[in-house]
Amino acid sequence: MLNFVARRLGVMALTALALTFVVFYLTNLPPNLEKLARTEGSVRMNDNAVASWIENNGHAGPVIGRYAQWLGVAPGWVITDDKGVTRGRCIDGGVKPEVAPTYCGILQGDWGFSTVFKHPVIQEVGKALGATGWLMLAVMLVMVPTSLLIGILSGMREGSRTDRVLSIFAIATTATPEYVSGVILVALFASATAGISPLLNEWGWIEGKTLFLGTATSAMDDITFWNFALPVMTIALYGIGYIARMTRASMTEVMTQQYIRTARLKGVKFRDVVIRHALRNALIAPFTVIMLQFPWLLNGVVIVETLFNYKGFGWTLVQAAGNNDIELLLGCSVVAVFVVLITQLISDIGYVFLNPRIRLA
Amino acid sequence: MENEILSWGQIIARIAQQFLPVWVALIATFALSITYKRKLGLFGKLFDSPVGMVGFLLVMFWVYTAIFADMIITMDPIAQFGRVKNPPPGTPLKDVAEGQYPYFLLGADHLARDVFSRVVMGARRVLMIAPAATAFAFMVGVTLGLPAGYFGGKLDTFLSFLANLVLAFPVILLFYLLVTPEIRNTGIPVVLAAVLFIFPIIFFATLFNSRFFTNPPKRNLYVGLTLLIGLWAYSGLAFNVDPLGIWSMDPNLLNVFVSVVFVNSPTVFRIVRGIVMDLKARDYVAAGQTRGEGAWYIMLWEILPNARGPLIVDFCLRIGYTTILLGTLGFFGLGVSPESPDWGSTIDDGRKLLSLYLHPAVTPALALMSLVLGLNLLADGLREESLKD
């Protein structure tokens, strides 16, 4: 087991290195750096000035070297210009060049400075992750029980009418990406002119103009059902269909096993067979799927936060990418890559724990 | 004469009338398919399953819409008509020119462009890219997945590592990195295209060579034709240097296309690899090996045909997924030109005024949903019917 975990961790570290390098390479392409120079320096710089700005701010040189500096395994750049002023990667405003640390990459906790938000990247990412954490939590609380319930109900009697109806529902939700379901949900529930809100308002069932709020910006300060329901529903819907179908497949397979037949023939009630005998075995596969769903949730989060204007991780990533904020984008990528890799690891290890038939030497 | 705003009944009747060529084609397709369904193999069996039939109906509706788009649209999808912003469905046009359609059937967007015509044209755009991109992803995935599953060992470890690397990337991040206007100047899309587009040529050349190498004249003909047509298209599509100028791809489109293929192929690779690892223990593979058949013959002519069931099902699902991805790209305004009527961009345009005007965003949203739903139902029907064999 330990050996397995260690090997997995090794592969994971290698993957993380490769991925961050790819992101670093793609964000630090020459055109991006030129754009950065023009936004940070002056828009009217000529090509020579741009080149010297890039040179003077440590963005020149081989990409491997810059990646190593960013990572914190190579000494940060230090440049003393004609006027005798020494600047460098690790030399911030108040720090004297003599006492500044030699290494300052993400390994040392220095994630750089966001050019869009004018704050340290780590602060921005932390704040955004906090906001997204609440969203994720709410999504998980809605998505996991609903989808497992749907999957089990439709899988325990394959081919029944319940199964048909629930399966169609599951297929329909997987066919509806977040940007479609978000638009439709807003049209149905959060529009003052269409959907059910005007009707409810007329009947006097709701006080405000709409049943739910079409933006989630106010949820940044205070999460209420009113402003948070639609974004959570939008993300959860897409996942529900997928997990429910996996659970159904796993459940139908378990229900054809001999021990289920034996239990039925013994005279155990159908309900007890499902709950006691089938459930645990049927939930192994969905567990993996739920964990592997995290990367997908990340996608959903980006779309939904943009759609509902909720300033979380996804929104920050879009801002960083759209405004050529290289260090912030790198910071976001590191977080995203680690979330994906860690969920993969947990799903592998959890699978082994849940399934006693798998023995790892 | 001043026209009245149309009622919903009139709007639906007029839309149904515009779709006339689609209805004719659909009825013809279904009549023919149901008459000859016993002779059509798996495709015919689809008509035994109601789910599969509904799915096929939805998919074919959009396919025919894409084909007949020029006859269906009522106005130029890019042109602007009048100065009224976001007129609701059924609004009559002011100052109708001679021969011009007098109504915005499904309203118009904030630039007074006809929503109905844009959605119909969007179908053509989506259905031109999504199946082709999926097919390329399958070529890449199959060509790499077969040897990885069959030979295993170091090759498998290496390819699987690469596939997992791409899969560990959050898709949207990858799009934001790959589909930017700046990246076109660096030549990365061309490099990616050069790598990805070579796989279909390798696939078909190996396919024919492994089968006909005992019959050199025939082999030379097939492989020669593959190389000739393949490399001709390759030079045009990837490098835009086709001497005859028939094959070419807009750099914007190339960028989008390559990214979508790149994102999809690792998943196909994993599926193919899994199936091959399962099938290679079968007796017919052992029989082939005993006969002394080459490894590629066994992979391409013994294992691949037997893996077709799950692969066809996944192909349908993956076209839907690719449609979703293309929509995502449009939604974030990446890669496609702002004029483009594709569904993702139209949804993105419309969502900004969503709380006031619904029609510009909801119409393409429903269109996209129905196409993907159709593909998913079709895949489900195919899966059910192929399991009955």
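Across the interface of chain A and chain B in this predicted model, five residue pairs, with both partners at pLDDT 80 or more, are found in polar contact. The side of chain A that touches chain B draws two or more residues from each of the helices α1 (2-27), α2 (30-40), α6 (161-174), α7 (178-189), α9 (225-255), α12 (284-308), α13 (313-322) and α14 (326-354) of chain A. Of these elements, α1(A) provides the largest share of that side, with ten residues. When the residues of chain A that touch chain B are sorted by class, 36 are nonpolar, ten are polar and three are charged.

In terms of residues, the interface brings 49 residues of chain A into contact with 42 residues of chain B. The size of an interface is often expressed as the accessible area that is lost when the parts come together. For chain A and chain B the buried area is about 3900 Å², and carbon and sulfur atoms give 79% of this area. Within chain A, the residues that lose the most area to chain B are A:Leu26, A:Tyr179 and A:Val183, which together account for 15% of what that side buries.

In one salt bridge, the side chain of A:Arg245 meets that of B:Asp380, with an N to O distance of 2.8 Å. A salt bridge is also formed by A:Arg164 with B:Glu384, where the closest N and O atoms are 3.9 Å apart. This pair crosses between chains, and it links helix α6 of chain A, which holds A:Arg164, to helix α18 (residues 359-387) of chain B, which holds B:Glu384.

Within chain B, the axes of helix α6 (residues 115-151) and helix α17 (residues 343-351) come within 9 Å and cross at roughly 140 degrees. The contact involves B:Arg118, B:Val119, B:Gly122, B:Ala123 and B:Val126 on the side of α6(B), and B:Trp343, B:Thr346 and B:Asp349 on the side of α17(B). By class, the residues of this contact comprise four nonpolar, two polar and two charged.

Most residues other than glycine have a negative phi. A:Lys118, a residue other than glycine, has a positive phi, near 55 degrees, and lies in the loop that joins β2 (86-88) and α5 (121-156) of chain A. A:Asn324 likewise is not a glycine and has a positive phi, of about 60 degrees, and this residue is found in the loop between α13 and α14 of chain A. Both α13 and α14 are among the elements that give two or more residues to the side of chain A that touches chain B.

Methods
Residues are numbered from 1 along each chain as its sequence is written. Chains are lettered from A and ligands numbered from 1 in the order in which they are written. This is a predicted model: local features need pLDDT of at least 70, side-chain atom pairs count only at pLDDT 80 or more; totals for chains, interfaces and linings use all residues. Side-chain values use heavy atoms; hydrogens and water are left out. Contact means heavy atoms within 4.5 Å. Buried area is the accessible area (1.4 Å probe) that two parts lose on being put together, summed over both. A salt bridge is a side-chain nitrogen of Lys or Arg within 4 Å of a carboxyl oxygen of Asp or Glu. A polar contact is a pair of N or O atoms within 3.5 Å; within protein, one must be able to donate a hydrogen and the other to accept it, and residues adjacent in sequence count only if both atoms are side-chain atoms. Helices (H or I, at least four residues) and strands (E, at least two) are DSSP runs, numbered from the N terminus. Ala, Val, Leu, Ile, Met, Phe, Trp, Tyr, Cys and Pro count as nonpolar, Asp, Glu, Lys and Arg as charged, and the others, Gly among them, as polar. Axes are lines fitted to C-alpha atoms, for helices over the stretch in contact, and angles run from 0 to 180 degrees between N-to-C directions.
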